[in-house]
Amino acid sequence: MFFSALTLATRRRGGQISLLLFLVALPVYSYPLSWLPKSWADFRFNCAWPVAETVLALVLLATGWFLLWEGAKAVQENCLSISLPRFVILPLVAVVLSGLVSTRFSAHSYLGLSVLPRLGGNAMILFLAAYGSRDRLGELGRWWVIVAVIVAGNGLLRLASESEFVSTLGNRNFLGAYLAASVAIAISVGRTWSLLGTLMLICGLWFCGSRGAWLALGAVAILWFLRFGDRYLKRWYVRVVIVLIILTGARCLGRTYVLRQWQTDVRPMIWKATLHMVARRPLLGHGLGTYAVEYPQHRLPEYFLRPKAANVTDHAHNELLEVAAEQGLVGLAAILWLWTTVLWCGVRGLRRAEGQERRAILGLMGAMLVLMLHGLVDVDLRYLPNQSLLWLLMGLLVGTNTTP
């Protein structure tokens with residue numbers, strides 16, 4: 001009944017407009033004070049707009065309104081022909097349930113209660129995107145690129161007055177991941193203006209200096225070349241050889257740098273301690289939102305020997321490790337199930353799509369992979385706007401498989 005009412009609300013009351021609002025509001029207004037000069041508001045990134053929680057509240061209000069005025073029977077009759085694929089609903093429900101269960105059996109359940117609305121709101125963003133995106137992927141991609149160019153341009157204009165390139169996202173690594181994902185979508189648009197926009201995005205990505213963003217974008221480019229490079233090289237094994245040569249060269253050139261980072265960066269120490277957290281409560285984890293509270297009990301003594309060590313470590317700098325620590329292996333399996341299912345939706349959509357729609361799906365898949373891969377070395381999937389943007393991208397890919 002709830003999903004039927006939500007579906008009707010989405011289809012009748014401008015679900016497509018809401019998607020455009022998400023594309024604009026998430027990167028531009030997640031931190032409303034970010035447009036102010038730093039000299040005016042040094043605390044501007046401490047004030048965040050809880051987008052996912054707002055979406056959840058509005059959806060619940062809209063559902064109640066339709067149930068009250070339209071009637072439950074009318075809602076069901078109008079929505080019988082619209083259904084979200086069951087193979088998507090199951091992993092989505094599993095992710096939400098794993099969060100609920102881990103919170104229920106947590107020693108700090110009150111922390112999970114503050115995170116659950118965000119999880120529910122992100123699930124609603126996925127649902128709305130799945131039902132509001134059909135036949136408009138190309139237009140949504142163009143709007144995404146326009147907004148990303150505005151964000152990059154804002155950061156470039158502030159270089160003269162600000163020491164760090166953060167634009168409206170508040171963190172250069174978060175901004176780097178967003179711009180890298182936007183590059184994937186901009187290339188898929190395939191217009192002259194979008195290619196010029198791509199140059200600005202790459203310029204912004206350069207000033208971000210985010211190594212994780214470059215690595216994620218490079219990995220997606222290699223995957224694209226292996227799977228869809230037949231336009232340039234017909235024989236698949238030639239593409240494999242080229243990629244192996246590139247990876248071997250990168251390994252030879254970057255081996256010393258990687259070893260030095262492994263011995264000096266704080267992330268390896270955090271990851272090892274997080275594995276100890278997982279081993280302590282492997283099945284259900286320590287509970288949603290409890291990482292910062294539980295981590296000190298498992299922190300390695302040599303952590304403080306690293307140059308960037310801090311007294312408070314609030315995240316694992318690896319999304320999958322943090323999910324395993326907070327929601328256990330059950331939650332980890334659920335999120336991997338959901339990610340794999342959504343990517344499979346994209347593959348299925350590619351098989352049926354042609355022309356611009358096919359390019360749009362490729363761009364969305366590339367952007368999603370960029371955010372996922374970057375989340376393995378950073379914390380941006382725990383903060384706005386990239387966290388909700390990932391759920392939005394997943395919804396758009398699921399939308400290619402929904403049946404009207």
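V370 is a residue of helix α15, which spans residues 355-374; helices here are DSSP runs of H or I with at least four residues, strands are runs of E with at least two, and both are numbered from the N terminus. The model is a predicted one, in which local features need pLDDT of at least 70 and side-chain atom pairs count only at pLDDT 80 or more, while totals for chains, interfaces and linings use all residues. Residues are numbered from 1 along each chain as its sequence is written, and side-chain values use heavy atoms, with hydrogens and water left out.

With a relative accessible area of 0%, V370 is buried, where buried means under 20% relative accessible area, exposed means over 50%, and partly exposed lies in between, for a 1.4 Å probe and protein chains only. Leaving aside residues up to four places away in sequence, V370 touches A177, A180, A181, A216, L217 and V220, a contact being heavy atoms within 4.5 Å. The C-alpha atoms of V370 and A221 are 9.8 Å apart in space, although 149 residues separate the two in sequence.

## Overall make-up

The protein has 16 helices and 0 strands, and 52% of its 404 residues count as buried. Among contacts between residues at least 6 apart in sequence, 76% join residues at least 24 apart.

## The largest nonpolar core

A nonpolar core is a set of buried Ala, Val, Leu, Ile, Met, Phe, Trp, Tyr and Cys residues joined through side-chain atoms within 4.5 Å. The largest such core holds 101 residues, of which W144, Y178, L179, M368, W391 and L392 touch the most other members. Helix α14 gives this core its largest share, 12 residues. When residues up to four places away in sequence are not counted, L392 touches L19, F22, L23, I125, A129 and W144.

## Helix α14 against helix α16

Two packed helices are described by the angle between their axes and the distance between the axes. For helix α14 (residues 319-352) and helix α16 (residues 386-399), the axes come within 8 Å and cross at roughly 45 degrees; axes are lines fitted to C-alpha atoms, for helices over the stretch in contact, and angles run from 0 to 180 degrees between N-to-C directions. The two helices are therefore oblique to each other, since angles under 35 degrees count as roughly parallel, over 145 as roughly antiparallel, 65 to 115 as roughly perpendicular and the rest as oblique.

On the α14 side the contact is made by L338, W339, V342, C345 and G346, and on the α16 side by L390, W391, M394, L397 and V398. By class, this contact of α14 with α16 has 9 nonpolar, 1 polar and no charged residues, with Ala, Val, Leu, Ile, Met, Phe, Trp, Tyr, Cys and Pro counted as nonpolar, Asp, Glu, Lys and Arg as charged, and the others, Gly among them, as polar.

## Helix α7 against helix α9

The axes of helix α7 (residues 137-157) and helix α9 (residues 192-208) come within 9 Å and cross at roughly 40 degrees, and α7 and α9 are therefore oblique to each other. Their crossing is left-handed. The contact is made by R142, V145, I146, A148, V149, A152, G153 and L156 of α7, together with W193, G197, M200, L201, C203, G204 and F207 of α9. The residues of this contact of α7 with α9 divide into 11 nonpolar, 3 polar and 1 charged.

## Loops and backbone geometry

Most residues other than glycine have a negative phi, and most peptide bonds are trans. S167, in the loop between α7 and α8 (172-189), has a positive phi of about 50 degrees although it is not a glycine, and S167 is buried, with a relative accessible area of 1%. H317, in the loop between α13 (291-294) and α14, is likewise not a glycine and has a positive phi of about 60 degrees; H317 is buried at a relative accessible area of 18%. The peptide bond from L384 to P385 is cis, with omega near -5 degrees, and P385 is found in the loop between α15 and α16.

Notes
A crossing is left-handed if the near helix is turned anticlockwise from the far one by less than a right angle, and right-handed if clockwise.
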